[in-house]
Amino acid sequence: MKFFVDTADVKEIRELNDIGLLDGVTTNPSLIMKAGRDITEVTKEICGIVDGPVSAEVTALDFDGMMKEAEVLAKIADNICIKVPLTFDGLKACKALTTEGRKVNVTLCFSANQALLAAKAGATFISPFIGRIDDIGINGMELIGEIRTIYDNYGFQTEILAASIRTVNHVKEAALIGADVATVPPATLKALVKHPLTDKGLEGFLADWAKTGQKIV
Ligand code: G3P
């Protein structure tokens with residue numbers, strides 16, 4: 001499974017990328033707001049750090065507006081992936097942009113039928129929002145399974161990008177179900193390394209090592 005990091009925080013992106021964890025980055029208007037920086041400037045910086053696709057989201061609601069914004073965003077760098085919302089105009093923009101050879105991430109997906117439409121429109125990535133479905137008392141992970149089955153039934157090449165990931169269990173479950181990518185907030189990505197038995201084991205080794213009185217360097 002590929003890992004994208006879901007943030008516009010350049011410091012976090014650099015740190016995770018330096019240890020080889022990142023296959024891409026996703027941003028959205030809320031994350032740009034959180035970073036407190038100009039969208040063009042911060043996105044350009046992110047594209048220079050990570051080799052993989054960097055999703056930058058349009059904010060227009062109509063097809064023409066989306067296409068104009070996509071043109072501006074695409075000029076930022078070669079690894080820009082245009083993010084469009086799962087609306088009728090978003091699907092039209094998806095089709096037009098992928099026909100031009102652009103990568104497109106169709107976002108705000110909450111149903112298998114929406115994912116089917118995005119694949120038909122040629123989406124590079126479909127972003128089902130797991131956490132936000134969990135928030136309304138429905139198991140968001142089931143949607144990943146449904147989309148996996150549908151895409152495999154018909155051989156769609158659109159990659160399932162599990163988004164709105166909130167927990168380490170979300171990451172594991174998405175991987176087990178067969179999501180192609182998980183976009184994960186930095187803190188959750190870092191939390192994947194943690195296990196109490198690792199900490200306990202390390203503590204034991206260090207206590208015994210101290211008893212030997214030795215030093216490696
Ligand atoms: O990738 C989409 C993601 O940023 C949404 O996450 O936690 O705001 O639902 P969240």
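For the residue classes used here, Ala, Val, Leu, Ile, Met, Phe, Trp, Tyr, Cys and Pro count as nonpolar, Asp, Glu, Lys and Arg as charged, and the others, Gly among them, as polar. On that basis, the shell around the ligand in this predicted model is made up of two nonpolar, three polar and three charged residues. The residues in question are D6, N28, F129, R132, A163, S164, R166 and T183. With the classes in hand, F129 and A163 can be read as nonpolar, and D6, R132 and R166 as charged.

The side chain of D6 has an N or O atom 2.5 Å from an oxygen atom of the ligand. For the side chain of R132, the corresponding distance to a ligand oxygen atom is 2.6 Å, and for that of N28 it is 3.1 Å. On its own, the ligand has 310 Å² of accessible area, and the protein covers 81% of this. As for its location, the ligand takes up the space of the largest pocket.

Turning to the aromatic side chains, the model contains four aromatic pairs. One of them joins Y151 and F156, with ring centres 5.7 Å apart and planes at 65°, an edge-to-face arrangement. F156 also pairs with Y154: here the centres are 6.4 Å apart and the planes stand at 50°, so this pair is tilted. Together, Y151, Y154 and F156 form one aromatic cluster.

Conventions:
Residues are numbered from 1 along each chain as its sequence is written. This is a predicted model: local features need pLDDT of at least 70, side-chain atom pairs count only at pLDDT 80 or more; totals for chains, interfaces and linings use all residues. Side-chain values use heavy atoms; hydrogens and water are left out. A residue is near a molecule or strand if one of its heavy atoms lies within 4 Å of it. A polar contact is a pair of N or O atoms within 3.5 Å; within protein, one must be able to donate a hydrogen and the other to accept it, and residues adjacent in sequence count only if both atoms are side-chain atoms. Accessible areas come from the Shrake-Rupley method with a 1.4 Å probe; for residues, only the protein chains shown count as cover. On a 1 Å grid over the protein atoms alone, a cavity is a set of points where a 1.4 Å probe fits but cannot get out, and a pocket is an open set with protein on both sides within 12 Å along at least five of seven lines; lining residues have an atom within 4 Å of a point. A molecule sits in a cavity or pocket if more than half of its atoms lie within 2 Å of its grid points. Rings of Phe, Tyr and Trp (its six-membered ring) pair if their centres lie within 6.5 Å; planes under 30 degrees apart count as stacked, over 60 as edge-to-face and the rest as tilted.
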